[in-house]
Amino acid sequence: MEILDCIGNTPLVRLPNDFTLAEATVLLKLEEYNLGGSVKSRIGYQMVIDAEQDGRIDINHPEKVTILEATGGNTGIGIAQLCALRGYRCILAVPDNYSKIRVNLLRDMGAQVVLSDHTIGNDSHIRKAREILENNPVFIYLDQFANPSNVKAHYLGTGQEIIQSHKEIDYFVAGIGSGGTISGVGRALKERFPNCKIIGIQPEGCDVLNGLAIPHIIQGIAIGQIPKVLDKTLIDEIISVNEKDVLNMKLRISKTLGLYLGFSSIANILGAMSIAIDVSKDKTIVTISPDGGRNYSS
């Protein structure tokens, strides 16, 4: 097995009915088992590989390649892994209020981290990356929010893995950050299961489909912009989750299921559980845990 073979084929586990308080089946895809510890390793890999194949990256002169990205940390880890393996320089713009553990991890992997001022908006890191690109136009800005490789990674990977796992999927629930997961998985599931409902998750007080966001604790979703890769036509419903409920559920999951998850994972589970309570027992709801909770402990 090669190092990059550790991306994908993550476990899909069933949450106990006595935990969800519903008779319907709720399945959780645990993406922390990817190389790099999150779902974003999938898109980091896909974006770099596609840039190599279409000639944007000169694979014959890796020492001349500088890859730039705006990230909350997880996508950056995926990109930094590829850059380490390929010998590319990596510059990552990260909000200055995000996990210090992840920032230190990115630096340990050889990436140059530039912190953005989070007080100017949830999209401060995107603005910072564009500022860096304007001053360094030779840099290769992967731009997960507009890069079709983001959606491709989930259409070909995450979505197909879910399809192969179960004979029928009735609902897919995912938070909306870059828009890649819900668009790629959503398209794959709609093609295979035409009646499958795609449900987006957002923090209470935000309006992701219109690019509106308020400050919140659920890092990685509701960034205050409408990502170009987001296919809004796939989304059947948006569910808003309360931050207090997220915090309470995080503790409950840790203590009863032994799962230590990030806030976006908890938000997705809350959304899936709210659906499960209202549907019949023969329905199957799939949601995703983008990463574990260890990198948020700071």
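How do the residues of the lining of the second largest pocket divide into nonpolar, polar and charged? They divide into four nonpolar, four polar and two charged, where Ala, Val, Leu, Ile, Met, Phe, Trp, Tyr, Cys and Pro count as nonpolar, Asp, Glu, Lys and Arg as charged, and the others, Gly among them, as polar.

## Basis of the description

The model is predicted: local features need pLDDT of at least 70 and side-chain atom pairs count only at pLDDT 80 or more, whereas totals for chains, interfaces and linings use all residues. Residues are numbered from 1 along each chain as its sequence is written, and side-chain values use heavy atoms, with hydrogens and water left out.

Six strands form an open sheet in the order 1-2-10-7-8-9, and its pairing is mixed. Strand 1 (12–14) and strand 9 (237–241) stand at the edges with a single partner strand each, so one side of each is left without a neighbour in the sheet. On average, neighbouring strands of this sheet are turned by 25° against each other, direction ignored. Helices (H or I, at least four residues) and strands (E, at least two) are DSSP runs numbered from the N terminus, and two strands pair if DSSP finds at least two bridges between them.

Strand 8 (residues 197–203) pairs with strand 9 in the parallel sense over five bridges. The bridge partner of I201 in strand 9 is I239.

## Helices on the six-stranded sheet

Helix 6 (residues 148–165) lies across strand 1, strand 2 (25–30), strand 7 (171–175) and strand 10 (284–289), and runs at about 140° to strand 2. Helix 9 (residues 263–278) also packs on the sheet, where it touches strand 2, strand 7, strand 8, strand 9 and strand 10. The direction of helix 9 makes about 170° with that of strand 10. Contact means heavy atoms within 4.5 Å; axes are lines fitted to C-alpha atoms, for helices over the stretch in contact, and angles run from 0 to 180 degrees between N-to-C directions.

Strand 4 (residues 89–95) and strand 5 are joined in the parallel sense over five bridges, and A93 stands opposite V114 in strand 5.

## Cavities

On a 1 Å grid over the protein atoms alone, a cavity is a set of points where a 1.4 Å probe fits but cannot get out, and a pocket is an open set with protein on both sides within 12 Å along at least five of seven lines; lining residues have an atom within 4 Å of a point. Grid points are joined across faces, edges and corners, and a volume is the space filled by probe spheres set on the points. Two cavities of 30 Å³ or more are counted.

The largest cavity holds about 390 Å³ of space. Its lining has 32 residues, of which K40, G177, Q219, G220 and I221 lie nearest the centre. Ten of the lining residues are nonpolar, 19 polar and three charged. The second largest cavity has a volume of about 40 Å³, and its lining includes I176, G177 and P227.

The largest pocket has a volume of about 290 Å³. It is lined by 17 residues, and N97, Y98, N122, P215 and H216 are the closest to its centre. The second largest pocket, of about 160 Å³, takes the largest share of its lining, four residues, from helix 6.
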